[in-house]
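Please examine the sequence and the model shown here before reading on.

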Amino acid sequence: MELDFKGRVAIVTGAGGGLGRAHALALAARGARVLVNDLGGGVHGEGGSVSAAQKVVDEIRAAGGEALANGASVTDFAAVQAMVQQVVDAWGRVDVLVNNAGILRDKSFAKMDMADFRTVVDVHLMGAAHCCKAVWPHMVAQEYGRIVMTTSSTGLYGNFGQSNYGAAKLALVGLMQTLAIEGAKHHIHVNALAPTAATRMTEGLMPAEVLAMLAPEAVVPAMLVLAHESAPTRTTLCAGAGSFEAAHVTMTQGVYIGTGPDAPEQLAARLAEVTAREGEQVPANGGAQGALEVQKAMAARR
């Protein structure tokens, strides 16, 4: 089955270069009309110019596609709302949102300024929340939508010197989980993508020969799968160098210990049983934890 986006309208944030540019070009090549959003600032979030977005728009138009440029900061909700209205005014709908905008301000937590922590969270987490909130009523009204969050292995598994980035990126998975549940009845599918790619944000972090393998275009197939009408929902795909994996937030079966005075000591003694992964599950929602715990407690009373 060819992943066709003809008739679809997409917004890609942070699309002036790197991954976002690759996403925008791929969506346009497969028939989508694309709004290319980029603040045009540096990797640390400084400055701003619509020229980066316009350059990608020019590429899309030169290849015969339809595209618009937008230079809004995703941290400015009013500007994001105007961006979505720009799309609706031009094309009448919005089908796909790829939340890709981001910055880095890496330092060990001991040395990190909390203003830099907050700024990174604002761009990645609040920026995605702003964009989702702005497109949501349109997707609900048309009973269709596809949203892709850009998470990271740093958020999923941690990475030295990126506490701000990791916190924001894992928060996006939490946002994805709940929006997918709330959007299901409106056929709004929400997924997450954890890319490994050579971009401005990864320069200097990996050897040159490794970076050469990690072209942004190698991540694009995962984005297309998660943004297509056939997309799953509540799925986190990892992608890089032509390989694809899935990440899951799971819960083990655990053990029932009770609430006696020695419960802390029993838990410490049986921690290996609690963390054993045999029979672990991917909960359907947050209520699964409580349901499992009550079930075990009731069984212990019989």
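## Nonpolar cores

The largest nonpolar core has 36 residues, and those with the most contacts inside it are Ile11, Leu97, Val135, Ile147, Met149 and Val190. Such a core is a set of buried Ala, Val, Leu, Ile, Met, Phe, Trp, Tyr and Cys residues joined through side-chain atoms within 4.5 Å; buried means under 20% relative accessible area with a 1.4 Å probe, protein chains only. Two or more residues each come from strand 1 (9-12), helix 3 (77-91), helix 4 (114-142), strand 5 (145-150), helix 6 (163-183) and strand 6 (188-195). Helix 4 contributes the most, with 9 residues. Helices (H or I, at least four residues) and strands (E, at least two) are DSSP runs numbered from the N terminus.

A second, separate core of 34 residues includes Val12, Leu27, Ala32 and Val219.

## Basis of the model

The model is predicted: local features need pLDDT of at least 70, side-chain atom pairs count only at pLDDT 80 or more, and totals for chains, interfaces and linings use all residues. Residues are numbered from 1 along each chain as its sequence is written, and side-chain values use heavy atoms, with hydrogens and water left out.

## His23

His23 lies in helix 1 (residues 18-29). His23 counts as buried because its relative accessibility is 1%. Not counting residues up to four places away in sequence, His23 touches Val12, Val98, Asn100, Leu193, Val219, Val220 and Met223 (contact means heavy atoms within 4.5 Å).

## A hairpin

Strand 7 (residues 236-240) and strand 8 (residues 243-247) pair in the antiparallel sense over 5 bridges; pairing requires at least two bridges found by DSSP. Thr236 stands opposite Ala247 in strand 8. The two strands form a hairpin with 2 residues between them, and Ala241 in the turn has a positive phi of about 55°.

Note on methods. Buried means under 20% relative accessible area, exposed over 50%, partly exposed in between (1.4 Å probe, protein chains only).
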